[in-house]
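Subject: Structure handover

Dear colleague,

Here is the structure that I promised to pass on, followed by notes on what was found in it. Please read the notes with the model open beside you.

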Amino acid sequence: MPARLIDGKQTAAAYRERVKADVAAFTQKTGVTPHLAAVVVGENPASAVYVRNKQRACEQAGIGSSLHALPESASQADLLALVQDLNADPAVHGILVQLPLPGQIDERAVLDAVAPLKDVDCFHPENVGLLSQGRPRFAPCTPAGVMELLAAAEVPTASARAVVLGRSEIVGKPMAMLLLARGADATVTVCHSRTADLAAVCREADVLIAAIGRAKFLTADMVKPGAAVIDVGINRLPDSEGGGLAGDVDYDAVNEVAGALTPVPGGVGPMTVAVLLRNTLTAAELQTAGEPG
Ligand SMILES: Nc1nc(=O)c2c([nH]1)NC[C@@H]1CN(c3ccc(C(=O)N[C@@H](CCC(=O)O)C(=O)O)cc3)C=[N+]21
Ligand SMILES: [Mg+2]
């Protein structure tokens, strides 16, 4: 019995329509157009695709965007100077420094330099702190996108055992925070590549979030029959395996065991972009006098 498809494209489209209406109302009231500055360093082809998707989504939502590209050889000082300029520019509300960065640059130092009120990724320690205290300024894009998908698919979290597979700063850890938050009330286990009996731990999950960055890693024997499985993976397969995009989930096999399942592409990815739009409006509201903080 195949799993129920959780359609990220459809959920993201409805979410983006709501953001578009809120942006229009904000701009109408304040005369301010929210603006996202995207910073890209080097020639990473995946980054170029994602940043282009984000800019297109901005335009469709009435949000301005600009692309700030530095060469692969850029120094950390060059990048920090650019971030400082964007921090100081009142016309820029959101700043997104597309990861990964080239090896000569310390990602943590750069992400720490983004003004907390413009940190639409929710990567800055201040914003991660607010998130962990249950009073988030911004929703971490991918984890909040996952929560929207669970809600849209009417997957209950309050009574659920949730297992997060992966402990990254971008997904795993903030994902656990959102599932634990009052209102979501899940009972959360975070596991990772060093977890013993990983398959047994994953099989305990009613809600299983795969975010480890390894193509088709989550196999059917790791899924409790009927569980909801959310695939955060965005792995580019080598041409020898047919190329294209694969998730962290072995989709065809898990599809026969799970109760609900997100596809890759068409699942979490579009939601990540949609939440980024919401965060950019939030940033504009926070930085526009007279708007509720
Ligand atoms: N500062 C920063 N913030 C990020 O949020 C961030 C980042 N760096 N670096 C890379 C990852 C990856 N990421 C994706 C966003 C959208 C799709 C997306 O739209 N995916 C489409 C398919 C797109 C395609 O065709 O490749 C889908 O899954 O349906 C994927 C991946 C955000 N990231
Ligand atoms: Mg690096």
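Helices (H or I, at least four residues) and strands (E, at least two) are named here as DSSP runs, numbered from the N terminus. This is a predicted model, in which local features need pLDDT of at least 70 and side-chain atom pairs count only at pLDDT 80 or more, while totals for chains, interfaces and linings use all residues. Residues are numbered from 1 along each chain as its sequence is written, chains are lettered from A and ligands numbered from 1 in the order in which they are written, and side-chain values use heavy atoms, with hydrogens and water left out.

I begin with Thr288, whose place is in the segment after H10. Thr288 counts as buried because its relative accessibility is 12%, where buried means under 20% relative accessible area, exposed over 50% and partly exposed in between (1.4 Å probe, protein chains only). Leaving aside residues up to four places away in sequence, Thr288 touches Phe26, Thr30 and Val32, a contact being heavy atoms within 4.5 Å. The side chain of Thr288 also reaches the backbone oxygen of Ala284 at 2.6 Å.

Helix H10 (residues 268-287) itself packs with helix H2 (residues 45-61) at an angle of about 50 degrees, and their axes are 10 Å apart; axes are lines fitted to C-alpha atoms, for helices over the stretch in contact, and angles run from 0 to 180 degrees between N-to-C directions. The two helices, H2 and H10, are therefore oblique to each other (under 35 degrees counts as roughly parallel, over 145 as roughly antiparallel, 65 to 115 as roughly perpendicular and the rest as oblique). On the H2 side the contact is made by Asn53, Lys54, Ala57, Cys58 and Ala61, and on the H10 side by Val273, Leu276 and Leu277.

Turning to annotation, an unreviewed UniProt entry places the feature "binding site" at Gly166, Arg167, Ser168 and Ile234; UniProt positions are given in the numbering used here, feature names are shortened, and annotations may be inferred rather than shown by experiment. Ser168 is found in the loop between strand E5 (161-165) and helix H7 (172-180), and Ser168 is partly exposed because its relative accessibility is 31%. Ile234 is found in the loop between strand E8 (228-231) and strand E9 (235-236), and with a relative accessible area of 49% Ile234 is partly exposed. Not counting residues up to four places away in sequence, Ser168 touches Lys173 and Pro174, whereas Ile234 touches Tyr50, Leu245 and Ala246.

Conventions
Polar contact = N/O pair within 3.5 Å; in protein donor to acceptor, adjacent residues only side chain to side chain.
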